[in-house]
Amino acid sequence: MKHCVVIGGGVVGLTTAWALLERGHAVTLVERGGAVAQGASRANGGQLSYRYVSPLADAGVPQKALRWLLDPDGPLRFKPEARWAQWSWLIAFLRNCRGPVNRRATERLLALGAYSQAAFARLQAEAALGDSIALRAPGKLVVYRQPAEFARVAARVRAQDGGVEQALSPRDCVALEPALADTEAALAGGIFTPGEAVADCHAFCQALFARLQAHPRFTGRLDAQADGFLAGPGGAVAGVRTPAGEVPADAVVLAAGLHSRALAAGVGVALPLYPLKGYSLTAPIAGGHRPPEVSVTDFEKKILYARIGNELRVAAMVDLVGDDTRLDTGRLASLQRSVRATFPHAADYDRATPWAGLRPATPGGAPILGACGVPGLWLNVGHGALGFTFSFATADIVAELVSGRASPLPLDGLSL
Ligand SMILES: Cc1cc2nc3c(=O)[nH]c(=O)nc-3n(C[C@H](O)[C@H](O)[C@H](O)COP(=O)(O)OP(=O)(O)OC[C@H]3O[C@@H](n4cnc5c(N)ncnc54)[C@H](O)[C@@H]3O)c2cc1C
C-alpha cells in the first residue's frame with residue numbers, strides 16, 4: 001500500500017482518488033476550494049460522449065476559425081495575450097490541424113472513450129451513487145446545418161458497415177427528437193449514436209466525494225491549496241506543501257486541471273495546457289416545456305444540449321481569452337439568441353443560470369497521463385472538452401501506473 005496525495009477536487013481528482021483506493025492505497029485529496037467541483041467540473045455540458053471524441057484540431061479548422069471570428073454570434077473568440085503560453089499553445093494547435101494527425105488522435109480517444117464507458121459502469125456498480133447524478137443514456141444526435149459538411153460525415157458513417165452510428169435525414173432527426181421540429185427546415189441531417197449518456201457532473205462529484213469520505217483509507221482536505229512539493233532523495237517528489245502543513249506521500253497525482261501548469265512548472269515540468277473558456281446555461285423545465293430528450297450537439301454552432309433532471313443544460317463556445325472566468329454579457333446574449341431559435345419551447349430561458357468555465361486543453365485534444373520525469377509525481381491533466389467523459393478511464397490508467405503495473409491502454413499520444 002502506498003500513501004498517495006491527489007491534488008485537485010474536480011472530476012479528474014475525485015475519480016483518481018477512487019481508483020487508487022480500489023487498488024488498496026491510502027489517499028489524501030487536497031482541494032484549494034471550500035467544496036469539490038468548483039472549477040471546470042461545476043456546470044459543464046454533462047455529456048458522456050464516449051464515441052464522439054474527435055479533437056478540435058483538424059484540417060480546415062484554421063480557415064473555419066477565421067469565419068467564426070468574423071461572426072458576432074460565432075463559437076470562437078480570440079484575445080491576443082502578451083504571454084508566450086498562449087502563442088506556443090496556438091502554434092502547437094495549428095500543427096495538429098492536419099487530417100492524418102486528427103485521425104490518429106481520434107482513434108486513441110475512441111479507445112479511451114470505450115474504456116471509460118466500461119470503467120464508469122464498474123464505478124457505478126461499486127460506488128452506487130444513486131439517482132442524484134441524473135444519469136440517462138438517451139443517445140446523442142449531432143445535427144448539421146451545412147449540406148456539404150453533413151454529406152462528408154454521412155458518407156463516412158454509411159461506409160462503416162455494421163457501425164453503431166446512423167445518418168439521419170432532417171425528417172428522421174425530428175422523428176427521433178420531436179423538440180427539433182422548429183429547426184427542421186434549417187437542418188441538413190444528423191448523426192445519431194445510441195448509448196451515449198448524460199449526467200450531472202457536479203452532482204456526480206459531490207456524491208463521489210461523500211462516498212470517498214466514508215472510506216477508512218481516505219482523507220479529504222478542503223481549503224487546502226497545494227503550494228509546492230516536498231523534495232525527496234534524488235530530486236523525487238515526496239509530498240505536498242499546504243498552508244496548513246506538509247502532507248508526505250509515496251506518490252503525488254497532479255489533477256488540478258488548468259492550475260496543474262503552475263505546480264508542475266515548480267519542478268521544471270512544462271505542461272502544454274491552455275484555457276479554452278466555455279459558457280453554459282442551466283434553464284428550468286416546467287410543465288408546458290418540450291425539452292430534447294436525446295442529447296443534441298449543434299455541429300456548426302458548437303452548442304450542446306442535455307436534459308439533466310428537470311433542467312436543460314446548454315454548453316457552448318471556445319474563447320481563447322486567458323485565465324478569465326468572468327461572464328461576458330455579449331457572449332451570453334449571443335448564446336441565448338441561438339438557443340431560443342433552435343429549441344424555442346424547451347425550457348424557461350428567462351430564468352437560466354449562466355456559468356463560465358475553463359477547459360484545461362492540450363493542443364492535440366488528448367489528456368496527459370502518467371510519469372513526467374520527476375520520480376514520485378504523476379500526471380492526470382489536460383482533459384479539455386471531454387474531462388467528464390474520459391475521467392473514469394484516465395483515473396484507472398493513472399492508478400495502475402502508480403501501483404507499478406502497465407497501463408491498460410497504450411500511452412502513445414497520451415503522455416508528456
Ligand atoms: C462549457 C464547458 C462544457 C463542457 N462540457 C463537457 C461535456 O459535456 N462532457 C465532458 O466530458 N466534458 C465537458 N467539459 C470539460 C470538463 O468539464 C473538464 O474537462 C473537466 O471538468 C476537467 O476536470 P479537472 O478535474 O481536470 O479540472 P477542474 O474541474 O477544474 O478541477 C481542478 C480542481 O483543482 C483545484 N486546484 C487547483 N489548483 C489547486 C492547488 N494548487 N491545490 C489544490 N487544489 C487545486 C481546483 O480548485 C479545482 O477544484 C466542459 C467544459 C466546459 C468549460
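Biologist: What is the order of the three strands in the open sheet, and how do they pair?
Modeller: The order is E10-E11-E12, and the pairing is antiparallel. This is a predicted model. From one strand to the next, the twist averages 35°.

Biologist: What makes E10 and E12 the edge strands?
Modeller: Strand E10 (228-231) and strand E12 (245-248) each pair on one side only.

Biologist: How do you know that E11 and E12 pair?
Modeller: Pairing needs at least two bridges between two strands. Four bridges join strand E11 (residues 237-242) to E12, so they count as paired. In E12, Gly245 is the bridge partner of Thr242.

Biologist: Which angle do helix H1 and helix H7 make where they cross?
Modeller: The axes of H1 (residues 11-22) and H7 (residues 201-213) cross at roughly 35° and come within 10 Å. The crossing is left-handed.

Biologist: Which residues make that contact?
Modeller: H1 gives Val11, Leu14, Ala17 and Trp18. From H7 come Cys201, Phe204, Cys205, Leu208, Phe209 and Leu212.

Biologist: Why is the contact of H1 with H7 classed as having no polar residues?
Modeller: Val, Leu, Ala, Trp, Cys and Phe count as nonpolar, so the contact has ten nonpolar, no polar and no charged residues.

Biologist: Which residues come nearest to the ligand?
Modeller: Of the 42 residues around the ligand, they are Gly10, Gly39, Gly45, Gly257 and Gly387. H1, strand E14 (274-284), strand E18 (353-361) and helix H10 (387-402) each give two or more residues to the shell.

Notes
Residues numbered from 1 in each chain as written. Predicted model: local features only at pLDDT ≥ 70, side-chain atom pairs only at ≥ 80, totals over all residues. Axes fitted to C-alpha atoms, helices over the stretch in contact; angles between N-to-C directions. Left-handed = near helix turned anticlockwise from the far one by under 90°. Contact = placed C-beta atoms within 7 Å. Near = placed C-beta within 6 Å.
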